[in-house]
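Subject: Structure handover, salt bridges

Hello,

Please find the structure below. My notes on its salt bridges follow.

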Amino acid sequence: MWLRSCCVWTTGLICILLLIAGIAMVVSQVFLKLLNNRIKEQVVLENGTEAFSVWQNPPPPVYMQFYFFNLTNPAEVLNGDKPSVIEIGPYTYREYRPKEDVKFMDNGTRVQAVNPKTYVFEPDMSRGSEDDLVRTVNIPAVTVMEKFKDSILSRVISDLMKSMSVGVFKTFRVGDLLWGYEDPLLKKLKVFDPLLDIYFGLFYKKNGTDDGDYVFFTGKQNYQDFARINEWNGQSSLNWWSSDECNMINGTDGASFHPIVTKTEKLYIFSSDLCRSLYALYESDVNVQGVPGFRFVPPSEVFANVTVNPDNAGFCVPAGNCLGSGLLNASVCKEGAPIIMSSPHFYQADDKFVQDVFGMNPKKEEHETVIDINPLTGLLLRGAKRVQVNVYLHQIPAFSETGKIRTLVFPVMYLNESVVIDEESAKKLQVVVTEANVIVNIPFIVISVGILLGVIFIVFICRQQVPESTVDERQPLISS
């Protein structure tokens, strides 16, 4: 009897201790902090770590899809009508993007690398071939007209263009427009400028080449600096824009992010294609290949005009010359070509730009840039960078080739650079997430055990309170 009573009260004592310990661990978040510290120590760019391996040579396949806008009414456009375009594509390429020439610096706190990208055409994932034809803006011709519109050479160049039948619009082979072709007008103009490159292509010299030298932080000193860009081409800031804020190089290259990502933070990304940094905000929880993640998207404020976002005043070039919301004048970093960047189909841009061109149909699910990351490790689960290349067109009095064309932003093409985590990487990440969930839930397991012991203790106490029956009470009421 004494032993039984001792066991009951011991159970009660253990129950109280487990409940106190469990609640204390929940309040102090001791296991969550231990897990986070462990992740921070492991997610560092140094030889031998999984994080370095994934950063140097990302295992998930990356695909680049190009969509072009084929102009159906060029004569009418030159006469003042709205352009009418038909989207063609995608033309899909497998993208290989390993980090090369990797050199660690400053006791392993920074790492230098280049990121060459190679594109291989994937006919089975494309709708058409590189030999398809597309009619669009003749960008070299328009650039030449913009450059010489106030020059005494404008008349000479205009006559030269007439003699060569060079106009605002031209039909191109898709492969040439992407990767480069010898432009006849540029070839003639090389007489005036021996340094002029006679080749042009939207991605000319971008296949098998890198976009410059990068210096990244390794995350060794601060986990939030993991893969953050410190310098690009030897500079810690840009010089294209008219404000220090707009010239800042912020964030990573978009392929990696620091661990322990929260829903309240801004994820900064530097894009050499856009010639600027931008940020993304949390939108929703997602699940990719069985791995939980957070979806981040760039808000409309990133490309809003100065009336909506005054911080964007520095992107007005020349200073004070601001476009509408959703557009970025990239001519300052595109060798003077009148290139305007936007989201596909002018998604999140002023409705004016959508209405100016027949064939625009912006859709959030198809034209929005998205980043899905695992918040624990910062690994990219799924991503889609969607950017459109446009050309600013208007009448140029010195060049009759522009006719009666409206002032408009003409869409040439857009790209969708996408990646989804591969199955093998997803399985590895699932194991990490499962282990993390077990560790984080240890306090709740302790509390559950304490509650279970508490129930057992109460049952034993209740049974002890019931008095045992006497011999007389166990006798039958009616004897035979």
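Is E146 buried or exposed? E146 counts as buried, at 17% relative accessibility; buried means under 20% relative accessible area, exposed over 50%, and partly exposed in between, with a 1.4 Å probe and protein chains only.

This is a predicted model, in which local features need pLDDT of at least 70 and side-chain atom pairs count only at pLDDT 80 or more, while totals for chains, interfaces and linings use all residues. Residues are numbered from 1 along each chain as its sequence is written, and side-chain values use heavy atoms, with hydrogens and water left out.

The structure holds 22 salt bridges, a salt bridge being a side-chain nitrogen of Lys or Arg within 4 Å of a carboxyl oxygen of Asp or Glu. Among them are the following pairs.

E146 forms a salt bridge with K149 (3.1 Å, N to O). K149 is partly exposed, at 29% relative accessibility.

D106 and R110 are joined through their side chains at 2.7 Å, N to O. Here D106 is partly exposed at 44%, whereas R110 is buried at 15%.

D131 and R173 form a salt bridge at 2.6 Å, N to O. This pair links distant parts of the chain, 42 residues apart: D131 lies in the loop between β5 (118-121) and β6 (133-137), and R173 in strand β7 (residues 169-173). Strands are DSSP runs (E, at least two residues), numbered from the N terminus. D131 is exposed at 53%, and R173 is partly exposed at 28%.

Finally, a network of salt bridges links E95, R97, D273, K385 and E417.

Regards

Note on methods:
Helix = DSSP H or I, 4+ residues; strand = E, 2+ residues; numbered from the N terminus.
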